[in-house]
Amino acid sequence: MKKILVTGGLGYIGSHTVVELQNKGYEVVVIDNLSNSKLEVKKRIERITGKPFELLVGDVNDPNVLEQLFSKSSFDGVIHFAAFKAVGESVDFPIKYYQNNVSGLITLLAAMDKYETKNLIFSSSCTVYGTVKDLPVNENSPIQEAESPYGTTKILCEEILQDYVKHKPLNVILLRYFNPVGAHPSSEIGELPLGVPNNLVPFITQTAAGIREKITVFGNDYNTIDGTCVRDYIHVVDLADAHVKALEFAESMSTSIDVFNIGTGNGNTVLEVIKAFEQANEMKLNYQIGARRAGDVEQIWADTTKVSNVLGWNARYNLNDMMKHAWKWQENLENN
Ligand code: WQD
């Protein structure tokens, strides 16, 4: 049985990926420092799959913790999620983001090098494209200056990996996520935003639950069909499945590094998402139009030709599914 180390495996995308890995027969080991997740997520994952897994509560920035992991297990691959991802926070604390996101990757690479681990799946983001003129965006689109230190860390990590594989034997796959939303259909796991959500969909579900009074739509004067920004929202379970497909591909890839956009290929405006939530869950949401949010790009959605042709992966869930599962998860949170 192939053994995979998942860093940040109790987080939002990490936990859904652990479920898909276990369902596909992989043995999983998780390292997570619980900075953006909870210990109880472990038992929730195990309730879904019926399979226990090893968890080490620790930080990928700590070489001693990684030594403890790699000296004990021979990993066929690593999926690296452990990183900070709040755009706004990164503007206020850039050093914290460089330290955690970039140095964390370097510390992990050192351990993988020492123990000759061959495959790495890296969690990147469509943020690296910045504002794109030619849409949908494909993997050859130029990388542009990031709007935030968070985005800069993703660009720096991609550059380090592009350079590293020229000198060392490692298969690397960069997955550029679009907007992950929704939750596992079982409602056992989902997004656990700390404090006031930055992202649209958790803000919607918390407004629907009465935790927030209303949603503010950040600007309706953009050059889009209804004036609000366009994003490519992708169900987190589809995104998790893409990681398993990438792992299967990594072992057979002819080049040492490859990159894939992981989106649905569809763009939706903020108002369309709000309407989809209302229709999927038969309720009305309280929202107002407010000022634009600094750093927002007007519109972006993925060209998914490459991931479909090369990895044989396509998103299965539609926006209605995403909104249904997001709400079911929020209701489950309220009841537990
Ligand atoms: C989506 C749209 C907002 C909240 C970010 C990161 C990206 C990735 C996903 C990590 C935008 C609008 C939002 C609200 C609103 N994270 N909005 N009212 O900014 O596209 O992407 O999260 O990988 O890297 O940049 O996602 O959900 O914050 O915003 O109108 O209360 O919803 O303006 O147009 P974003 P988001």
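Colleague: In which helix is the place of Asn23?
Modeller: The model is predicted, so local features need pLDDT of at least 70 and side-chain atom pairs count only at pLDDT 80 or more, while totals for chains, interfaces and linings use all residues. Residues are numbered from 1 along each chain as its sequence is written, and side-chain values use heavy atoms, with hydrogens and water left out. Helices (H or I, at least four residues) and strands (E, at least two) are DSSP runs numbered from the N terminus. Asn23 has its place in residues 12-23, helix H1.

Colleague: Is Asn23 buried, partly exposed or exposed?
Modeller: Buried means under 20% relative accessible area, exposed means over 50%, and partly exposed lies in between (1.4 Å probe, protein chains only). Asn23 has 45% relative accessibility, so Asn23 counts as partly exposed.

Colleague: Which residues does Asn23 touch, not counting those up to four places away in sequence?
Modeller: Contact means heavy atoms within 4.5 Å. By that rule, Asn23 touches Thr49 and Lys51.

Colleague: Is His80 buried or exposed?
Modeller: His80 is found in strand E4 (residues 77-80). Leaving aside neighbours within four places in sequence, its contacts include Thr7, Val60, Leu105 and Phe122. The relative accessible area of His80 is 2%, so His80 is buried.

Colleague: How many residues of strand E1 are buried?
Modeller: Lys3, Leu5 and Thr7 point one way from E1, and Ile4 and Val6 point the other way. Each of these is buried. Strand E1 (residues 3-7) is therefore largely enclosed by the rest of the structure, the count of buried residues being 5 of the 5.

Colleague: Which residue in E2 is the bridge partner of Ile4?
Modeller: Two strands pair if DSSP finds at least two bridges between them. E1 and strand E2 (residues 27-32) are joined by 5 bridges and run parallel. In E2, the partner of Ile4 is Val28.

Colleague: How are H7 and H11 oriented to each other?
Modeller: Axes are lines fitted to C-alpha atoms, for helices over the stretch in contact, with angles from 0 to 180 degrees between N-to-C directions. The axes of H7 (residues 200-208) and H11 (residues 319-335) come within 10 Å and cross at roughly 55°. Angles under 35 degrees count as roughly parallel, over 145 as roughly antiparallel, 65 to 115 as roughly perpendicular and the rest as oblique. H7 and H11 are therefore oblique.
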